[in-house]
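This report goes through packing and charged pairs in one model. Please keep the sequence and the structure in view while reading.

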Amino acid sequence: MPSSKELRDIAKDLKIRGYSKMNKSALTEAIEERARSTKDTTPLVEDSPSPPPVPSKKVARQSKSPWVEFCKEYSQLNGCSYKEAMGQKEKYSSWKESRATTKPVASLDVEEETVEETSSDE
């Protein structure tokens, strides 16, 4: 036989009013009554199609800001945090200019880094 606490938890789940003031026998009777009343009104599971699953996770809003895009790309390419990428304001203008060309972004970033490395080695 379930304890009073367990019966109260069941009653709470079944949304039985006044369950917190009921004793064990009253709880048992209320739960049984709710089970009888819902059994008569609830259609069989086989008769009703199951509703489609509802996605529980919200889709994150995608920013279209070039600054946000720059910070994300910079942090991924250079292996630093997003916050550190936000401190690279001086590189943003050259990145923005490179975006105006028709070449893919990744190849531009790699070429720029290669050019920078080559020029610093000389």
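## A loop residue and its contacts

Leaving aside neighbours within four places in sequence, Leu14 is in contact (heavy atoms within 4.5 Å) with Ile31 and Arg34. Leu14 is found in the loop between helix 1 and helix 2, where helices are DSSP runs of H or I with at least four residues, numbered from the N terminus. Its C-alpha atom is separated by 9.0 Å from that of Ala35, which is 21 residues apart from Leu14 along the chain.

Leu14 counts as partly exposed because its relative accessibility is 33%; on this scale, buried means under 20% relative accessible area, exposed means over 50%, and partly exposed lies in between, with a 1.4 Å probe and protein chains only.

## Basis of the model

This is a predicted model, in which local features need pLDDT of at least 70 and side-chain atom pairs count only at pLDDT 80 or more, while totals for chains, interfaces and linings use all residues. Residues are numbered from 1 along each chain as its sequence is written, and side-chain values use heavy atoms, with hydrogens and water left out.

## Nonpolar cores

A nonpolar core is a set of buried Ala, Val, Leu, Ile, Met, Phe, Trp, Tyr and Cys residues joined through side-chain atoms within 4.5 Å. The largest one here has seven residues, namely Leu7, Ala11, Ile16, Met22, Leu27, Ala30 and Ile31. Helix 1 (4-13) and helix 2 (24-41) each supply at least two residues of this core, and the largest share, three residues, comes from helix 2.

A second, separate core has six residues, among them Cys71, Ala85, Tyr92 and Trp95.

## Salt bridges

The structure holds two salt bridges, each defined as a side-chain nitrogen of Lys or Arg within 4 Å of a carboxyl oxygen of Asp or Glu. In one of them, the side chains of Lys5 and Asp9 meet at 4.0 Å, N to O; both residues lie in helix 1, four residues apart, which is about one turn of the helix. Lys5 counts as exposed because its relative accessibility is 58%, whereas Asp9, at 39%, counts as partly exposed.

Another salt bridge joins the side chains of Arg36 and Glu33 at 3.1 Å, N to O, and these residues both lie in helix 2, three residues apart, about one turn of the helix. Arg36 counts as partly exposed at 46% relative accessibility, and Glu33 is partly exposed with a relative accessible area of 44%.
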